[in-house]
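Please look slowly through the sequence and the model shown below, and keep both in view while reading.

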Amino acid sequence: MPIEQRASGSLGRLSEIAQVATRHGFGYVFNRNRLGDLLGRNGRGADDTSPSDRGRRLREMLEELGPTFVKFGQLLSTRPDVVPPDIVAELRRLQDDVSPIAFASVREVIENELDLTLERAFLEIEETPVAAASIGQVHRALLPDGRVVAVKVQRPGARERIDSDLGLLYQAAKLLRERVRALEFMDPREIVDEFARSIRLELDYAHEARNAEAFRRNFAADEEVVIPKVVRAYSSARVLTLEYLEGTKVADLELEALSAEERRTIAQRMAETWMTMVFRHGFFHSDPHPANVFVLPTGALGLVDFGQAGKLTHEDVARATRLFVDVATENVEALPRRLRELGVRYAPEREPELRAELQMLFDRYYGARLSDVDPVQVIRDVFQLIYALNLKLPSRFVMLDKAIATLASVTQEVYPDFNVFEVARPYARRLLADRFRPRVVAGRTRDEALALASVARDLPYQLSDVLERMREGTLQVRIENPGIDEIDEHLDQASNRLSVALVVAGGLVGSAIIGVFADEGPHVAGLHFLSFLGFVLSGAFGLWLVWGIARHGRL
């Protein structure tokens with residue numbers, strides 16, 4: 001049964017959500033947008049709180065509503081094109097952390113998925129999880145061959161609960177679309193669709209296993225980054241078994257006990273790792289949360305939780321590299337062109353304004369220590385620029401934006417004096433040098449030659465097809481203009497009004513002539529009956545014309 005149908009009986013839960021929203025200061029939103037019927041008697045007029053701290057209150061509301069809504073808030077934090085900057089900054093702080101489930105439920109899931117008893121599958125498994133989130137939790141275990149592993153187990157009923165919550169979100173999106181005029185510029189259902197795709201991928205541990213294997217291949221030759229190996233025989237769609245990383249989560253580091261140089265090294269290594277993912281691999285971990293990054297005894301970084309990953313094409317990587325090099329080398333004049341290459345859209349006449357705003361933003365933060373910079377304010381400034389200039393962001397870079405924002409926050413916590421440009425400058429130089437290595441140039445030349453050869457091969461066939469269609473008289477040229485239908489409609493209206501006006505004028509003139517020259521026949525109010533009838537009909541048509549013009553608001 002479709003989600004939308006299953007949601008038909010969920011008005012009670014929607015009302016509960018509305019009550020929670022009211023407690024957190026959003027009752028005015030419901031009262032202003034014809035949603036008061038969801039509040040019930042106790043919720044009406046419950047608050048008149050100022051919306052000045054709305055971001056914080058929205059974050060607290062989503063945390064109270066539960067895990068699915070926390071994840072939905074995390075998605076909204078990646079959509080600066082539809083969510084105001086102050087709310088985006090607060091939603092970035094949402095954490096997916098919940099109480100663990102009973103071990104009996106863990107045993108049941110593992111035995112059902114692996115078709116083995118827990119005692120046959122593992123020599124031992126710790127009942128207390130090392131991590132717990134809304135979809136699953138992780139237990140440390142020992143395999144029969146002696147390997148220590150981390151077993152990620154999906155919570156029982158997680159898929160059903162998420163499907164139910166998605167149904168509520170679809171229903172809420174429908175209500176918002178129908179009743180909230182302020183949201184007419186967007187389609188709430190599309191955002192719920194995006195969230196549904198994302199969270200369903202997280203529910204599929206086989207997808208996460210493929211991501212983990214891809215990261216492990218990419219960093220196979222890098223001794224400073226460790227990706228745990230997937231144990232395929234002990235993995236399924238609801239159970240994922242990985243090599244256990246013996247290290248300390250960045251979130252659990254005793255930073256006061258580390259020297260400044262050690263903290264700087266960790267922050268620098270994290271920054272370089274994600275730069276490598278984005279600019280060399282085109283495949284990046286999109287959630288560099290401090291609980292997903294380990295510092296191993298060797299000093300290397302270990303990464304876990306591969307459910308969310310972003311992918312860029314070769315062309316995306318090349319364009320992003322050019323943008324990165326220009327930022328790192330202070331070439332602000334080239335930034336608008338680089339943004340256009342990446343797919344950012346804005347009105348051409350606003351390019352000077354964009355360049356000036358970028359220069360101001362660049363001057364404000366370039367070279368500053370992270371301890372002197374408020375990350376929340378940086379995010380607000382960037383997103384305010386997006387709003388002010390009406391920039392259109394490519395959706396494929398939304399996940400990258402989230403990863404960069406999270407990474408900046410984590411590196412600031414580890415080493416407040418860390419300056420990302422200390423890493424960016426030499427890294428940009430290496431990227432630039434790599435682009436002109438003989439092997440890379442040869443590969444690029446080969447790819448472009450193959451593409452041109454493909455075009456040259458297809459051109460004669462395409463030309464023959466066009467000539468054949470011209471000979472048969474079936475060639476059609478289609479011209480699309482977004483405003484042509486509106487112009488056609490206006491012309492129809494104008495011609496109709498002109499026709500009615502001519503009829504009115506003709507009726508008035510004819511009636512006047514009859515009134516002057518016709519003496520015989522019936523008269524009404526001193527006028528010949530035909531003349532009187534003509535004046536009445538012409539007047540009626542005239543009033544109809546005036547009413548139509550007034551209704552459309554223009555003469």
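Helices (H or I, at least four residues) and strands (E, at least two) are DSSP runs, numbered from the N terminus. Counted in this way, the secondary structure of the protein chain consists of 21 helices and 13 strands. The model is a predicted one, in which local features need pLDDT of at least 70 and side-chain atom pairs count only at pLDDT 80 or more, while totals for chains, interfaces and linings use all residues. Residues are numbered from 1 along each chain as its sequence is written, and side-chain values use heavy atoms, with hydrogens and water left out.

A residue is called buried when its relative accessible area is under 20%, exposed when it is over 50%, and partly exposed in between (1.4 Å probe, protein chains only). Accessible areas come from the Shrake-Rupley method with a 1.4 Å probe, and for residues only the protein chains shown count as cover; the protein chain exposes about 30900 Å², of which carbon and sulfur atoms supply 56%. A contact means heavy atoms within 4.5 Å, and among contacts between residues at least 6 apart in sequence, 66% join residues at least 24 apart.

With these terms in hand, one can turn to a sheet. Two strands pair if DSSP finds at least two bridges between them, and 4 strands form an open sheet with mixed pairing, in the order β5-β10-β9-β7. Its edge strands are β5 and β7 (248-249), each of which pairs on one side only. The strands β5 and β10 run parallel and are joined by 2 bridges, with Val225 standing opposite Leu301 in β10. Helix α12 (residues 260-281) packs on this sheet, where it touches β5, β9 (293-295) and β10, and its direction makes about 50 degrees with that of β10; axes here are lines fitted to C-alpha atoms, for helices over the stretch in contact, and angles run from 0 to 180 degrees between N-to-C directions.

Next come the aromatic rings. Rings of Phe, Tyr and Trp (its six-membered ring) pair if their centres lie within 6.5 Å, and planes under 30 degrees apart count as stacked, over 60 as edge-to-face and the rest as tilted. This rule gives 3 aromatic pairs. In one of them, Phe122 and Tyr234 are tilted, at 5.6 Å centre to centre and with 40 degrees between the planes. Phe122 lies in the loop between α8 (118-121) and β1 (124-125) and Tyr234 in the loop between β5 (225-226) and β6 (239-243), so that the pair links distant parts of the chain, 112 residues apart. Phe122 counts as buried because its relative accessible area is 2%, and Tyr234 is buried too, because its relative accessibility is 14%. The rings of Phe215 and Phe306 also form a tilted pair, because their planes stand at 35 degrees, with the centres 5.6 Å apart. Both Phe215 and Phe306 are buried, and ring pairs link Phe215, Phe283 and Phe306 into a cluster.

Two further places deserve a look. Helix α5 (residues 67-76) is mostly covered, with 9 of its 10 residues buried, including Phe69, Lys71 and Gln74. Arg155, in the loop between β4 (148-154) and α9 (158-179), counts as buried because its relative accessibility is 10%. Leaving aside residues up to four places away in sequence, Arg155 touches several residues, among them Val98, Pro100, Ile135 and Arg238.
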